[in-house]
Amino acid sequence: MNMLKNTDFDPKNLPIEFCRFYQGTPDTVRVFASPGRINIIGEHIDYNGGKVFPAAIDKYLYVAIRKRNDTTITYNDLKFPGNFTFDIQDTFTYRKENDYANYLNGILSILKQRGFTFPCGFDVLIVSNVPPAGGISSSSALECGFAYALSEVFGFNISRKDIALIGQQSEHDFMNVNCGIMDQFIISTAKQNTAEVLDCATLDYEYVPLDLGDYRFVVMNTKKKRQLADSKYNERRSQCETALAQLQKAAITLPPSGTHSITNTKDLPDLCTLTSEQFDVCKTALTDPVIQARAQHCVTENARVLKAVSALKNGDLQTLGQLLKASHDSLKNEYEVTGIELDTLVENAIKQSGCIGARMTGAGFGGCAIAIVHNDAIDSFIDSVQQNYTKTIGHDAGFFVCKPGDGVKEVFSYSVKE
């Protein structure tokens, strides 16, 4: 049996820890929770106008916060060293030495750009049960949790949709990562026991009951850290933009589609507007095989999302599992964002009894994969995949079982029962 012991931090203890850092009494501290997320399917298409199918999970990052009587800002984290002190009147800029504080300062920078004013500073203490750099969006959890906490504490009344957009804008303008909207959107708007199909082109979304019956999601962490800004994430996005520009320039007549009115590639707003049938007609305009492969992944992955949503609504978990496998194959062969660690996890996962599907989740280049595993097989599944992973890679992977969780929320004030 290789189930990891639950070592998660209990957020009810956070106000007490807060006062050890900042003095005062726990009843003045407010605590907010922000979830990690898995993307069931729909990878690397949120920035290509596609539909994605994420769910928040019951692993949370917690932000404890209290206003100050001056303009000082102080950040501390229970699990990561480093005290960071700023002034709310500062003009915030990205500095490598500021480490995780850059994510918080990025949010402050965008809020100030949008006209929000802060009459005073504040102290913050963070602790996270979301594995860092693991592909389940720890950075977006930090951004959105902090933005939501500021909105509530300072009475900004920012909508959940705008919380997501502020997080994305911070990534773009402050962190220099051209991410899509999926991570911030699901973290800000999620509801427990549901997944969310999100149209990234329009931000229309629908909650879908996430009932896996006797199955559970198992998250498998490669323990290979990767930072999006340092990876080839931006390169993949640029390649997709090249593909779209070439298709638009080619001005190829398209067969009719029942889902949209685009009849010529010159009018394409994004790659995921194309159906698979339409892409077959116009893909020869993409003469570079790498660019064509990137576009093909976007088109076929978008189609898989629609099939996955239908399968889950119909309780057809076997089809859902097959779609996960097909998604990983495309991410490996056409988008080339997996790598030996993720491939080793997924290839071993799908061989195990009780597993009906697995794939990488997140940006790739390390991080996490997910598998759908029967309750009765979870322990043996983890033991076997762990053994094979360690033999191939040379170090252990991490595993945890998760359930769908809530979006950003206030957990409690110390005097209020959770």
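Let's start with the aromatic pairs: in this predicted model, the count comes to 18. Here is one to find on your screen. Tyr60 and Tyr62 form a tilted pair, with 6.2 Å from centre to centre and 45 degrees between the planes. Are these two residues buried or exposed? Tyr60 is buried, at 11% relative accessibility, and Tyr62 is buried too, at 9%.

Now turn to Phe122 and Phe154. Their ring centres are 6.0 Å apart and the planes meet at 70 degrees, so this pair is edge-to-face. What I like here is where the partners come from. Phe122 belongs to strand β5, while Phe154 sits in the loop between α3 and α4, so the pair ties together parts that are 32 residues apart in sequence. Phe122 is buried at 0% relative accessibility, and Phe154 is buried at 12%.

Both rings are also part of one aromatic cluster, whose members include Tyr75, Phe86, Phe92 and Phe146.

Keep Phe86 in view, please, as it leads us to a neighbour. Which residues does Asn98 touch, leaving aside those up to four places away in sequence? They are Phe84, Phe86, Thr93 and Asn105. Asn98 itself is in the loop between β4 and α2, and it is buried, with a relative accessible area of 10%.

One last stop: strand β11, residues 398–402. Four of its five residues are buried. Strand β8 runs antiparallel to β11, and five bridges join the two; in one of them, Val218 is partnered with Val401. Next, look at Phe400: the charged end of Lys59 sits over its ring, 5.0 Å from the centre.

Definitions and conventions:
Residues numbered from 1 in each chain as written. Predicted model: local features only at pLDDT ≥ 70, side-chain atom pairs only at ≥ 80, totals over all residues. Heavy atoms only, no water. Buried < 20%, exposed > 50% of the residue type's maximum accessible area, 1.4 Å probe, protein only. Pairing = 2+ DSSP bridges. Contact = heavy atoms within 4.5 Å. Phe/Tyr/Trp six-rings, centres within 6.5 Å; stacked < 30°, edge-to-face > 60°. Lys NZ or Arg CZ within 6 Å of the ring centre and 35° of its normal.
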